[in-house]
Amino acid sequence: MVSLWCALMSSVPGLQPTDGKMEMQWCLFPAAIFLLSVANGGTLADSEALSNEQYSAVGSRRTSLTLNSTASPTVTYPTSSPRTLRTPLQTTAPPDPQTTTSSRGKPQKRRRKERKSKEENSEEDVGHEKSKAGAATKGLECPPLGLESLRVDDNKLRASSVQRPGLGAHRGRLNIQSGIEEGDLYDGAWCAQHQDRLQWLEMDAVEMTLFTAVILQGRSSVWSWDWVETYKVQLSNDSIHWVPCMNGSQEMVFEGNRDQYTPVLGALATPTVARYLRINPQTWFINGTVCLRAEILGCRVPGRSEGQRHEADSGSKDGLDFRHHNYMEMRKLMREVSQQCPDITRIYTIGKSYNGLKLYVMEISDNPGKHELGEPEFRYIANMHGNEVLGRELLLNLMQYMCREYKRGNQRIVRLVTETRIHLLPSMNPDGYETAYEKGSELSGWALGRYSVEGIDLNHNFPDLNNILWDAQEVAAWGKTKVPNHYVPIPEYYTKEEAMVAPETRAVISWMQDIPFVLSASLHGGELVVVYPHDCTKDWAPKEYTASPDDSFFRWLATVYASTNLAMLNPDRRMCHVDDFQRTRNIVNGGAWHTVPGSMGDFSYFHTNCFEVTVELSCDKYPHVSELPQEWENNKESLLIYMEQVHRGIKGVVRDKMTRRGLADAIIKVEDHDHDIRTAADGDYWRLLNPGEYRVVAWAEGYLPAARSCRVGMEARATPCDFHLVKTPLQRLKDIRAKGGKVPQDLQLRLRALRLRKLRVTTKVLNQRREKQQQQQRRRA
């Protein structure tokens, strides 16, 4: 058949090669293409590849290939010792002409169909879109190789040219973010110096890999609009000889981006085994330049040498449910954990999202459902931003782990459960999560699902009590009066129905009021750092170190988590985006990073007794499911040891000396700490402090203050420090009444309670109104 083809081609005038050496290659060229894509199953051998020089000379055209007549389905390493792999690991189903994304000529089958009626042609277009969707799904079967998650080192990325060092190949990672100031070393993409079709971004996978897809994204920039609209892909075993990605007899031209931020998947028609992959831009935004961010999907080929790395080498032996759980799956898992450990768990809800999804909390305690005298309350909150999903999965893993280890008799877990009342809120923004979940880990982008349905950033949605307190203190300084430094009431405007307050935020505020939390952490994603208060700066400065009265203890809390986190501890890790937090030991003051007015952490500190830090868990907001076991190992010890910090400092009960009754809302003041706390309903309290000697004063309305010295040791056990208060003399009360006055009352406490009642009333009204609207919409549907 090949001989017949050569004879036929030689008989056509003008088609014969002028170089005798090229004659055999010339007549065998179509056969080479066919055998490469079908008989060889998409694998590459060095003898079948285009050279670097040949490819560059013609831009992106195919040149002559040398066919080895004895070729077998093998993969040749760029070393002297070849390796033979089994055919099923190298080849996939032959490409379907219907699934091509090429912008060049259409397959013959499509040409025939175009002669049909417009109605039939329209049906064919619909079928073509479904085929493309199927190809995209197939491309996602293999995991990302790790450009976004930083598993791919900077030195494994190369480029044909770069505009400047800050736009080098190492910045061509999916979802990498740039700083506000451009022109530095940390811009938001790889950008080529030359604007032509000879530019490329290359990745070395180190091991032989079955490449399945490429995900492309435009440049992250406040000032520039740059993205690639179409591109080609080449593959190689040695980074010298390159073969273009084919779809049958056509060289594939992949569809790229139409904006800066939306990731677009390009699935290879024939998944191909190779070591190197290049992305070769063909067209780009007319007013922009050649810039891109990328992720590459592929499956490692088994049979590596012992010294080579592989993602299977890492993971967890805990055997937990490592996958992404949507709302229904999360609820099912929580129910299963509760059924396995009914004596120490309880599931309850604190409210509903805008779309009516319940905000579920898992309580873990030896006496669930009840606050026990002297037992501190702890909480973890995750998924405040719907597309930051790692914290959600970690809390689901944590409840599974604690249940199982408690039943096994793990003394550390038993002690935590019996001495602490733990509350886990896996998803504060379930609506946003569902939006991101529909797209998946690699295609949800940087912001899809981040906000609530109403477009609210929940971490900016709490009352800004920082500036209310600071303004009041500034005014009071002129009159030499004191302003309470804790339990700051919610402002009046915030309680109105028309206030832009998300139902999720309202639910969490009410939850904070109902339970006397002592310590908390909010789990986020997109960076690797622990952030401590204050989050908001004074005088609206963009960034400025803004210390709280408990700055030293907050730094301790942040250090405890960061110093036990395996990812943060890695000295060889590179920065996620633009900030090198390793210089500050992976902790940062919120204001020194960037100001966040209305944050949950600052609100928790000023409005309640609870201390809270923010943990940025991963550079990747939505890690691939294959990365979840290692992420659990990275954070397991940190999650446990951070919970244990709730037992540091002092604790006690403030009682009436005569009746022994606990006094609610008594003030606990530590000298030289300009932040007081209050007792819970039973009169118990917990004051987080670093080791040292402290003078502590307790005072309650209608009682004389009492003071004592309390010492905090180095051990992680709170020091008991109880108080017994005596009522004020009756003669003083008689004198006050004789003058027509009343016993002084804590006006701030009354105002705080009044504002909370108003907030709850408006929340109820809004929920009823929203449910009525949803019912009407369902009836119309």
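Trainee: What does Thr505 touch, once residues up to four places away in sequence are not counted?
Mentor: Thr505 touches Met428, Leu458, Asn461, Phe462 and Tyr494. Keep in mind that this is a predicted model.

Trainee: Okay, and where is Thr505 found?
Mentor: In helix α11.

Trainee: Is Thr505 buried or exposed?
Mentor: Thr505 has a relative accessible area of 0%, so it counts as buried.

Trainee: What about Val508, what is that one in contact with?
Mentor: If you leave aside neighbours within four places in sequence, Val508 is in contact with Ile350, Ile381, Leu425, Met428, Phe462 and Met600. Met428 and Phe462 are also on the list for Thr505.

Trainee: Which residues have the most contacts inside the largest nonpolar core?
Mentor: Tyr380, Val508 and Trp511. That core has 95 residues.

Trainee: And which helix gives the largest share of this core?
Mentor: Helix α7, residues 390-408, which supplies nine residues.

Trainee: What is Gln513 in contact with?
Mentor: Setting aside neighbours within four places in sequence, Gln513 is in contact with His607, Arg752, Leu756 and Arg760. Then there's Asn609: the C-alpha atoms of Gln513 and Asn609 are separated by 10.0 Å, and the two residues are 96 residues apart along the chain.

Trainee: Let's switch to helix packing. At what angle do α6 and α7 pack?
Mentor: About 15 degrees, with their axes 10 Å apart. That angle is under 35 degrees, so α6 counts as roughly parallel to α7. The crossing of α6 past α7 is left-handed.

Trainee: Which residues in α6 and α7 meet?
Mentor: From α6 you have Tyr327, Met330, Leu333, Met334, Val337 and Gln340. They meet Arg392, Leu396, Met399, Gln400, Cys403 and Lys407 in α7. By class, the residues of this contact divide into eight nonpolar, two polar and two charged.

Trainee: How about α8 and α16, at what angle do their axes cross?
Mentor: Roughly 45 degrees, and the axes come within 11 Å. That makes α8 oblique to α16. Helix α8 covers residues 411-419, and helix α16 covers 628-644. Here too, α8 passes α16 in a left-handed crossing.

Trainee: And who meets whom there?
Mentor: Arg412, Ile413 and Leu416 in α8 meet Glu637, Leu640, Ile641, Met643 and Glu644 in α16. This contact has five nonpolar and three charged residues, with no polar ones.

Trainee: Next up, α9. Which residues in helix α9 are buried?
Mentor: Pro430, Asp431, Gly432, Tyr433 and Ala436 are buried in α9, which runs over residues 430-439.

Trainee: What covers the buried residues of α9?
Mentor: The cover includes α6, β13, α7 and α11. Just after α9 you come to Gly440, which takes a positive phi of about 95 degrees.

Trainee: Which exceptions should I look at?
Mentor: Take Val206, where phi is positive, near 70 degrees, in a residue other than glycine. Val206 has its place in strand β4, residues 201-217. Its relative accessibility is 22%, so Val206 counts as partly exposed.

Trainee: And Trp540, what is its phi near?
Mentor: Near 60 degrees, again positive in a residue other than glycine. Trp540 lies in the loop between β17 and α12. At 55% relative accessibility, Trp540 counts as exposed.

Trainee: Last one: which residues does a cis peptide bond join?
Mentor: Pro533 and His534, with omega at about 0 degrees. His534 is found in the loop between β17 and α12, and Trp540 lies in that loop as well.

Conventions. Residues are numbered from 1 along each chain as its sequence is written. This is a predicted model: local features need pLDDT of at least 70, side-chain atom pairs count only at pLDDT 80 or more; totals for chains, interfaces and linings use all residues. Side-chain values use heavy atoms; hydrogens and water are left out. A nonpolar core is a set of buried Ala, Val, Leu, Ile, Met, Phe, Trp, Tyr and Cys residues joined through side-chain atoms within 4.5 Å. Buried means under 20% relative accessible area, exposed over 50%, partly exposed in between (1.4 Å probe, protein chains only). Helices (H or I, at least four residues) and strands (E, at least two) are DSSP runs, numbered from the N terminus. Contact means heavy atoms within 4.5 Å. Axes are lines fitted to C-alpha atoms, for helices over the stretch in contact, and angles run from 0 to 180 degrees between N-to-C directions. Angles under 35 degrees count as roughly parallel, over 145 as roughly antiparallel, 65 to 115 as roughly perpendicular and the rest as oblique. A crossing is left-handed if the near helix is turned anticlockwise from the far one by less than a right angle, and right-handed if clockwise. Ala, Val, Leu, Ile, Met, Phe, Trp, Tyr, Cys and Pro count as nonpolar, Asp, Glu, Lys and Arg as charged, and the others, Gly among them, as polar.
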